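Colleague: I would like to learn how to read a fold like this one. Can you take me through it, feature by feature?

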Amino acid sequence: MEKTHLQQINSWIYETLSLFGEHALRKNINIETNKRFVRRLGDAQWLPNKQVGIIRFSENMWPFLSEHERKVTVVHEICHIVDSKRGGSREFGGHGESWQELMIACGLEPNRYAAVRVPAELKRKIKKHEAKCVCRTFMISSIRRTKMLSGDRYRCKDCMQLLQLTEQVKQVIT
Ligand SMILES: [Zn+2]
Ligand SMILES: [Zn+2]
């Protein structure tokens, strides 16, 4: 990720933590970028035993986001960290009332999904679909998936079971 983007991320983190009177928490938060994220803009994890937070942002999507979308993503994840640290509820994947209140305090809508336009060059990456047999998971192409949907069958060479499709392409989640 570009240095200016990282600086921007850092200043939003500091700003958000300060708003909650949690600026001392900054040293407990590790920022990582993830090159494989194409379906989500970021995620956050709080390890209560270590009192450490890990936030990951999508290296792929970042250049395609508007400044506002970047900020929303950073604040969204920081709200997860603050919420978890304060013992917030885990319902709705951590997007319950206590997390929503933090987002609103930041002047943002507590949305779980970002209506981000995924650029064509990344869409191809997203269009890997999961298929399973008994023994393992395969990532298959859109072309193969279309063939399976129209009746083609593929067998795993190890367990000899037919592959089953397991998911659809999801929206981008922050
Ligand atoms: Zn198998
Ligand atoms: Zn979230």
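Modeller: Start with the domains. Domain bounds come from an automatic or database domain assignment. Here, that assignment gives domain 1 (3-117) and domain 2 (124-173). Keep in mind that this is a predicted model.

Colleague: How many Å separate the centres of domain 1 and domain 2?

Modeller: The centres lie 32 Å apart, taken over C-alpha atoms. The C-alpha trace of the protein spans about 55 × 35 × 25 Å along its principal axes.

Colleague: How many helices and strands does the protein have, and in what order do the elements run?

Modeller: There are 6 helices and 6 strands. From the N terminus on, the order is α-β-β-β-α-α-α-α-β-β-α-β.

Colleague: Now the sheets. What is the strand order in the sheet that holds β1, and what is the pairing?

Modeller: The order is β1-β3-β2, in an open sheet of 3 strands with mixed pairing. The edge strands are β1 (29-34) and β2, and each of them pairs on one side only. Direction ignored, neighbouring strands of this sheet are turned by 15 degrees against each other on average.

Colleague: How do β2 and β3 pair?

Modeller: Strand β2 (residues 42-47) and strand β3 (residues 52-58) are antiparallel, over 6 bridges. A44 has I55 of β3 as its bridge partner. W46 stands opposite G53 in β3. The two strands form a hairpin with 4 residues between them. In the turn, Q51 has a positive phi of about 55 degrees.

Colleague: Which helix lies across β1, β2 and β3?

Modeller: That is α2, running at about 20 degrees to β2.

Colleague: Then helix packing. What describes two packed helices?

Modeller: Two values do: the angle between the axes and the distance between the axes. Take helix α1 (residues 3-19) and α2. They pack at an angle of about 45 degrees, with their axes 9 Å apart. They are therefore oblique to each other. Their crossing is right-handed.

Colleague: Which residues make that contact?

Modeller: α1 gives Q8, I9, W12, I13, T16 and L17, and α2 gives R70, K71, V74, V75 and I78. By class, this contact has 7 nonpolar, 2 polar and 2 charged residues.

Colleague: At what angle do the axes of α2 and α4 cross?

Modeller: The axes of helix α2 (residues 67-85) and helix α4 (residues 97-105) cross at roughly 130 degrees and come within 9 Å. Angles over 145 degrees count as roughly antiparallel. This pair is therefore oblique. The crossing of α2 with α4 is right-handed. H76, C79, H80, V82 and D83 of α2 meet S98, W99, L102 and M103 of α4. By class, that contact has 5 nonpolar, 3 polar and 1 charged residues.

Colleague: Back to sheets. What is the strand order in the sheet that holds β4?

Modeller: The order is β5-β4-β6, in an open sheet of 3 strands with antiparallel pairing. β5 (137-141) and β6 (164-165) stand at the edges, each with a single partner strand, so one side of each has no neighbour in the sheet. Strand β4 (residues 128-132) pairs with β5 over 5 bridges. E130 stands opposite M139 in β5.

Colleague: Which helix packs on this sheet?

Modeller: Helix α6 (residues 142-149) does, touching β4, β5 and β6. The direction of α6 makes about 100 degrees with that of β5.

Definitions and conventions:
Residues are numbered from 1 along each chain as its sequence is written. Chains are lettered from A and ligands numbered from 1 in the order in which they are written. This is a predicted model: local features need pLDDT of at least 70, side-chain atom pairs count only at pLDDT 80 or more; totals for chains, interfaces and linings use all residues. Axes are lines fitted to C-alpha atoms, for helices over the stretch in contact, and angles run from 0 to 180 degrees between N-to-C directions. Angles under 35 degrees count as roughly parallel, over 145 as roughly antiparallel, 65 to 115 as roughly perpendicular and the rest as oblique. A crossing is left-handed if the near helix is turned anticlockwise from the far one by less than a right angle, and right-handed if clockwise. Two residues are in contact if their C-beta atoms, placed from the backbone, lie within 7 Å. Ala, Val, Leu, Ile, Met, Phe, Trp, Tyr, Cys and Pro count as nonpolar, Asp, Glu, Lys and Arg as charged, and the others, Gly among them, as polar. Two strands pair if DSSP finds at least two bridges between them.
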